[in-house]
Structure formats: C-alpha cells, structure tokens
Amino acid sequence: MINIVLVSHADLGDALIRAAEMIAGHAEGLYSVSLLPGESPEGFGAKLEEALQEIEGQETLVLIDLFGGTPYNVAARQVLKENVECVTGANLPMLLELVMARDDASLSELAEEITQVGQESVKNLGPMLRK
Amino acid sequence: MIAIEELGLVRIDDRLIHGQVIAVWCKQRPFSRIVILDDGVAADAFMQEVLSLAAPPNLKVDVFSIKDGIEALNADKLHWETTMVLLKTPLAAKQLYDGGLQYRALNIGGIGSRPGRKNIFKNIAASEEEIAILKYLMDEGVEITLLTVPGEKSKAFSALAGKL
C-alpha cells in the first residue's frame with residue numbers, strides 16, 4: 001500500500017484526513033506533519049524526517065498544501081528519494097482520489113493522476129449554474 | 001560608506017522565499033530580484049532550484065554565500081532599489097554589515113523558535129547572542145523593524161531592546 005503524507009500549514013493536513021475519512025471511511029497509511037506558527041524551518045524539517053523514518057523505503061506520496069510555502073521548501077527534497085513522489089496544492093478531491101485509487105496505480109501514475117484531479121476540481125459555479 | 005539605503009529591502013526571514021514574501025511583499029513593491037545570502041543554500045544546488053521554482057518568472061533569484069554576496073552586490077549596483085536581500089539569521093545580518101554592506105534599515109520578518117531562542121515578537125524568536133547582535137546593529141544606527149508583511153502590526157526593535 002502506498003503511504004500518504006500530508007505536509008501542511010497548521011492543522012490543514014489533519015483536517016483533510018478527517019474530511020476524507022468522513023467520506024471514504026477509515027484509511028490506513030495516512031500521516032500528517034504540520035508547520036506550526038513560529039516554528040523554524042529546521043525544526044519542521046526534523047519533525048518531517050522523524051515522521052518519515054517509520055515508513056522509510058516504502059512507496060510514499062507526499063501531498064504538500066502550498067507550492068512555494070515553507071512546507072514545500074522543506075519537503076520538496078523528499079522527491080529525490082527512491083519510492084517518493086511529491087505533489088503540491090493539496091485538496092480534498094486529491095486526497096480522496098489517492099485513498100481510493102492507490103491500490104490500482106503505480107506511485108508515479110498516482111502522482112500524475114491527482115495533479116489532474118486537483119486542477120479539474122476547481123470550478124467557478126456562477127457561469128455554470130446562473131443561467 | 002556605501003549608499004546602501006538604495007537597496008530595496010534587507011530582510012531576516014529563516015523561511016527565505018515563501019508565501020509572505022512572494023504573495024505580499026512582491027505585490028506591494030516592484031522587486032525585480034531576490035538575493036539570498038546564506039552559506040548553506042549557496043552550497044545546495046537542489047535547494048536553490050526549489051526556491052527559484054516558486055518565484056514568479058519576472059523575479060530573478062540569486063543565491064550567494066555571504067562573502068561572495070557582498071562582492072557580487074558591490075560589483076553590480078544596478079537595480080539595487082528593486083533588490084530584496086534575504087538572510088536567515090541575525091548573525092548573517094552582522095556578517096553582511098561588518099563585511100562592508102552597511103545597510104541603514106533591516107526588516108525582521110521571521111525567525112522560528114528553537115531551543116535557546118525566546119519569542120520576542122509575534123513569529124520572531126532570538127537567542128541571547130542574537131539579541132546582542134541586533135543591539136549592536138541598532139547602536140551602529142541601523143533602523144530595525146519587526147514586521148512580517150506590510151500592513152501587519154510592526155514594532156521597532158529599539159522599542160523592545162530595553163526589555164530584552
């Protein structure tokens with residue numbers, strides 16, 4: 001099973017996991033590492049390494065909340081590891097897709113797939129519904 | 001003495017390039033270049049790529065060791081007024097100042113907490129040694145402002161220094 005690690009500002013990762021489990025039921029292999037207000041990038045990096053140690057070497061998708069933010073700056077290096085992919089822009093549709101599709105796709109396919117899902121999940125409802 | 005007040009911004013922020021810098025500072029002021037002065041990042045090509053990737057295409061990102069950065073900035077004073085210099089620590093700010101780039105204003109945007117540092121204002125923490133460095137720079141006449149992004153509450157370091 002592919003592990004999913006959410007890397008986010010504040011509680012976003014935990015909240016996304018709770019929201020995904022509310023829809024898809026309890027899922028194994030979900031982790032969340034949060035950057036807290038006032039925390040140094042080094043401290044956050046150490047926390048991330050510690051969390052990843054448990055699943056070192058296993059196939060892992062790191063889902064980062066914000067391209068260009070500190071969690072991205074710190075976590076992007078993980079992509080150099082074998083068996084790790086990183087995708088930014090974490091949202092609920094992406095996490096749901098991950099949880100539901102991870103048994104049927106390779107890690108790199110999954111990374112591509114959720115990048116598409118994330119982009120397609122953003123809709124401006126006004127022009128679609130106000131006719 | 002160099003007319004360093006022409007530099008757009010000299011900022012201590014241990015997160016370097018991140019949301020606040022790109023989304024707020026660079027939208028409010030016409031920066032054309034970010035110069036990161038940090039010995040660690042200067043020796044880490046991958047990290048340079050990560051930081052540059054997230055910067056908008058119209059913003060040039062350069063990374064130097066502190067020593068090389070002083071030389072590079074002194075050698076090329078074009079566009080200084082739209083240059084943001086980013087440093088990780090008060091020690092780097094002192095090395096820059098003592099190394100010959102005697103800026104008049106210093107912005108502290110973020111220094112994360114870690115063992116040995118205490119919180120001094122909002123998301124800014126400093127050790128005893130770092131506070132001493134900031135006092136040294138203040139006594140040299142550098143105007144130090146603690147401010148994450150324009151529009152947020154700010155504080156002059158001189159107003160805090162007596163209590164630290």
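**Figure 1. Fold of chain A in the predicted model.** The C-alpha trace of chain A extends over about 50 × 35 × 25 Å along its principal axes. Its radius of gyration is 15 Å, which agrees with the value near 14 Å that a compact globule of 131 residues would have.

**Figure 2. The open sheet of chain A.** The four strands of chain A form an open sheet in the order β2-β1-β3-β4, and the pairing is parallel. At the edges stand β2 (30-35) and β4 (84-88) of chain A, each with a single partner strand, so one side of each is left without a neighbour in the sheet. Neighbouring strands of this sheet are turned against each other by 20° on average, with direction ignored.

**Figure 3. Pairing of β1 with β3, and the helix across the sheet, in chain A.** Within the sheet of chain A, strand β1 (residues 3-9) and strand β3 (residues 60-64) pair in the parallel sense over five bridges. One residue pair that may be located in this view is V5(A), whose bridge partner in β3(A) is V62(A). Helix α2 (residues 41-53) of chain A lies across β1 and β2 of chain A, and this helix runs at about 170° to β2(A).

**Figure 4. Packing of helices α4 and α5 in chain A.** Helix α4 (residues 92-101) and helix α5 (residues 107-120) of chain A pack at an angle of about 145°, their axes being 8 Å apart, and the crossing is right-handed. From α4(A) the contact takes P93(A), M94(A), E97(A), L98(A) and A101(A), while α5(A) contributes L110(A), E113(A), I114(A), V117(A) and G118(A). Sorted by class, the residues of this contact of α4(A) with α5(A) are seven nonpolar, one polar and two charged.

**Figure 5. Fold of chain B in the predicted model.** Chain B contains seven helices and nine strands. Its radius of gyration of 15 Å is close to the 15 Å that the globule rule gives for 164 residues, so chain B is as compact as a globular protein of that length. Taken along the principal axes, the C-alpha atoms of chain B fill a box of roughly 40 × 35 × 30 Å. The mean pLDDT of chain B is 93, with 97% of its residues reaching 70 or more.

**Figure 6. The mixed sheet of chain B.** Seven strands of chain B form an open sheet in the order β3-β2-β4-β1-β5-β8-β9, and their pairing is mixed. The edge strands of this sheet are β3 (60-64) and β9 (155-156) of chain B, each of which pairs on one side only. Elsewhere in the sheet, strand β1 (residues 9-13) and strand β4 (residues 83-87) of chain B pair in the parallel sense over four bridges, and L9(B) has M84(B) as its bridge partner in β4(B).

**Figure 7. Packing of helices α5 and α6 in chain B.** In chain B, the axes of helix α5 (residues 90-98) and helix α6 (residues 128-139) come within 9 Å and cross at roughly 35°, in a left-handed crossing. The residues that make the contact are P90(B), L91(B), A93(B), K94(B) and Y97(B) on α5(B), together with E130(B), I133(B), L134(B), Y136(B) and L137(B) on α6(B). By class, the contact of α5(B) with α6(B) divides into eight nonpolar residues, no polar residues and two charged residues.

**Figure 8. The contact between chain A and chain B.** The two chains meet through 17 residues from chain A and 16 residues from chain B. On the side of chain B that touches chain A, α1 (19-28) and α3 (45-53) of chain B each supply at least two residues, and α3(B) gives the most, with three residues. The side of chain B that touches chain A comprises, by class, seven nonpolar, six polar and three charged residues. For the complex as a whole, the predictor gives an ipTM of 0.90 and a pTM of 0.91.

Methods:
Residues are numbered from 1 along each chain as its sequence is written. Chains are lettered from A and ligands numbered from 1 in the order in which they are written. This is a predicted model: local features need pLDDT of at least 70, side-chain atom pairs count only at pLDDT 80 or more; totals for chains, interfaces and linings use all residues. Two residues are in contact if their C-beta atoms, placed from the backbone, lie within 7 Å. Ala, Val, Leu, Ile, Met, Phe, Trp, Tyr, Cys and Pro count as nonpolar, Asp, Glu, Lys and Arg as charged, and the others, Gly among them, as polar. Two strands pair if DSSP finds at least two bridges between them. Axes are lines fitted to C-alpha atoms, for helices over the stretch in contact, and angles run from 0 to 180 degrees between N-to-C directions. A crossing is left-handed if the near helix is turned anticlockwise from the far one by less than a right angle, and right-handed if clockwise. pLDDT is the predictor's confidence in each residue, from 0 to 100. The radius of gyration is taken over C-alpha atoms; the globule rule is 2.2 Å times the number of residues to the power 0.38.
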